[in-house]
Amino acid sequence: MSAIPRFSRRGRWAVPAGVIAVVAAVATISAITVAQAAPALPARTPAELLAAVAGDNSAPPQLTGTVVETASLGVPQLPGDQSPTSITSLLAGSHTLKVWYGGPARLRLAAPVQLGESDFILNGHTAWLWQSNTDSVTRYLLPAHRGEERKPMRPKTPLTPQEAAQQALAQVGPSTRVTTESNVTVAGQAAYQLVLAPKSSQSLIGKVTIALDAQHLTVPLRVQVFARGASSPAFQIGYTSISFVAPAAANFNYSPPPGAHVHTASPDAMAGFGSTPPAQAQQIRVIGKNWLQVAVLPASALSQLTGQGNAASVAGQAARSASGGGGSVSGQAVFGALLGSAHPVHGAWGSGRLLHTTLVSILITSTGHVLVGAVTPAVLYAAAAQVK
């Protein structure tokens, strides 16, 4: 299956930060889920829809659209600004991504940031990453021959409906029940709804619904994740507008503005739009399979995230931040606020602090390891027993 754009599977959903968010703006959610009469479409079975979205390797159609992501996971509000590339925004809010896709060699992504914008532009064998708030430009020279790959090279961007769908579809197998629901309209487009539901009661995810454009089944228009027993999504990402027309060539032309700091980097170094640092991503360990996967960060990664060596010192910093002490908001303050909302737990696996919501469980052990998953606490405890 092709994606526009493709997001690293070791990226945002793989780390604890990627599954933590607070209630997003109601108006934004409404823009994605506005109720409309179910459109009449030719009947398709779950197997037909699954084969279409997961098995078609053809290039997706050219398009222009706006994507909005929101989350309501029930964790406390976190400190920090709401720019899409900030820690707080990536963990705790709603943000928008504009997409122009003109084929594997032409792609532009734009994310608004505080008092500016971040843009990624791919045009042929050259790519640019422009971050207006730092007045910096990174130029990537791509290989002249990239084979017949149909996925454009791009940075590790925030999730798009295509990528969210791919990550959910990767779980399909004996552990998943696949069905359909009533047809819907998303961003003005009639769509089928494919439903993936974990069979295990140890998963906190009740179901994932994927709205597939009726005319272009390879294009997911919206992905919604529901906690078990919930009637409204805890996480969703979808187009609020989309047009299946070729974007104007001018969208892919770029020249650094006068005075901007320009440097050249290898395509392997592509990052930005809130991606996981490569060194940090390499430290992530995954225990379990399919819907019961648990992501584990070692104690050394906790120190990098927080600036503290153990859970107790982070909690102390959280208390100081809450009382007005400390300076600018950092990963330390954000993580400390999260830790401060967790409660003490212990067992044969050891001891630590647990934050448990309807869709995510987070365990910080006394040794500094962080375990996260959309699973029951019992699954985290079993994973913690394997971590030394």
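Which residue forms a salt bridge with E181, and how far apart are the closest N and O atoms? The partner is K207, with the closest N and O atoms 2.5 Å apart. The notes below start from that pair.

The model is predicted: local features need pLDDT of at least 70, side-chain atom pairs count only at pLDDT 80 or more, and totals for chains, interfaces and linings use all residues. Residues are numbered from 1 along each chain as its sequence is written, and side-chain values use heavy atoms, with hydrogens and water left out.

1. The K207–E181 pair. A salt bridge here is a side-chain nitrogen of Lys or Arg within 4 Å of a carboxyl oxygen of Asp or Glu. K207 is in strand β9 (residues 205–213) and E181 in strand β7 (residues 176–186), so that the pair links distant parts of the chain, 26 residues apart. Helices (H or I, at least four residues) and strands (E, at least two) are DSSP runs, numbered from the N terminus. K207 is partly exposed at 22% relative accessibility, and E181 is partly exposed at 31%. Buried stands for under 20% relative accessible area, exposed for over 50%, and partly exposed for what lies in between (1.4 Å probe, protein chains only).

2. K207 and a ring. K207 also lies over the face of F226, at 4.8 Å from the ring centre. For this, NZ of Lys or CZ of Arg must be within 6 Å of the ring centre and within 35 degrees of the ring normal.

3. The other salt bridge. A search of the whole structure finds two salt bridges. In one of them the side chains of D119 and R108 meet at 2.9 Å, N to O. D119 lies in strand β4 (residues 116–123) and R108 in strand β3 (residues 106–113), so the pair ties together parts that are 11 residues apart in sequence. D119 is buried, at a relative accessible area of 3%. R108 lies over the face of W100, at 4.7 Å from the ring centre.

4. Around V99. V99 is found in strand β2 (residues 95–101) and is buried, with a relative accessible area of 1%. Its contacts (heavy atoms within 4.5 Å) include L63, G65, V67, L107 and R108, not counting residues up to four places away in sequence. V99 and G65 are 34 residues apart in sequence, yet 5.2 Å apart in space, C-alpha to C-alpha.

5. Strand β10 and its partners. Eight of the eight residues of strand β10 (residues 220–227) are buried, so the strand is largely enclosed by the rest of the structure. Two strands pair if DSSP finds at least two bridges between them. β9 and β10 pair in the antiparallel sense over seven bridges, and a hairpin of six residues joins the two. I210 has V223 as its bridge partner in β10. β10 is also joined to strand β11 (residues 235–243) by four bridges, again antiparallel, with V225 opposite F235.

6. The six-stranded sheet. An open, antiparallel sheet has its six strands in the order β13-β14-β18-β17-β16-β15. β13 (285–287) and β15 (343–347) stand at the edges with a single partner strand each, so one side of each is left without a neighbour in the sheet. Within the sheet, β17 (residues 361–365) and β18 (residues 370–373) pair over four bridges, and L363 stands opposite L371 in β18.

7. Aromatic pairs. The structure holds two of these. Rings of Phe, Tyr and Trp (its six-membered ring) pair if their centres lie within 6.5 Å; planes under 30 degrees apart count as stacked, over 60 as edge-to-face and the rest as tilted. W128 and Y254 have ring centres 5.4 Å apart and planes at 55°, so this pair is tilted; both residues are buried. W349 and Y381 are stacked, 5.2 Å centre to centre with 10° between the planes. W349 is in the loop between β15 and β16, and Y381 in helix α9, 32 residues apart. W349 is buried at 14%, whereas Y381 is partly exposed at 21%.
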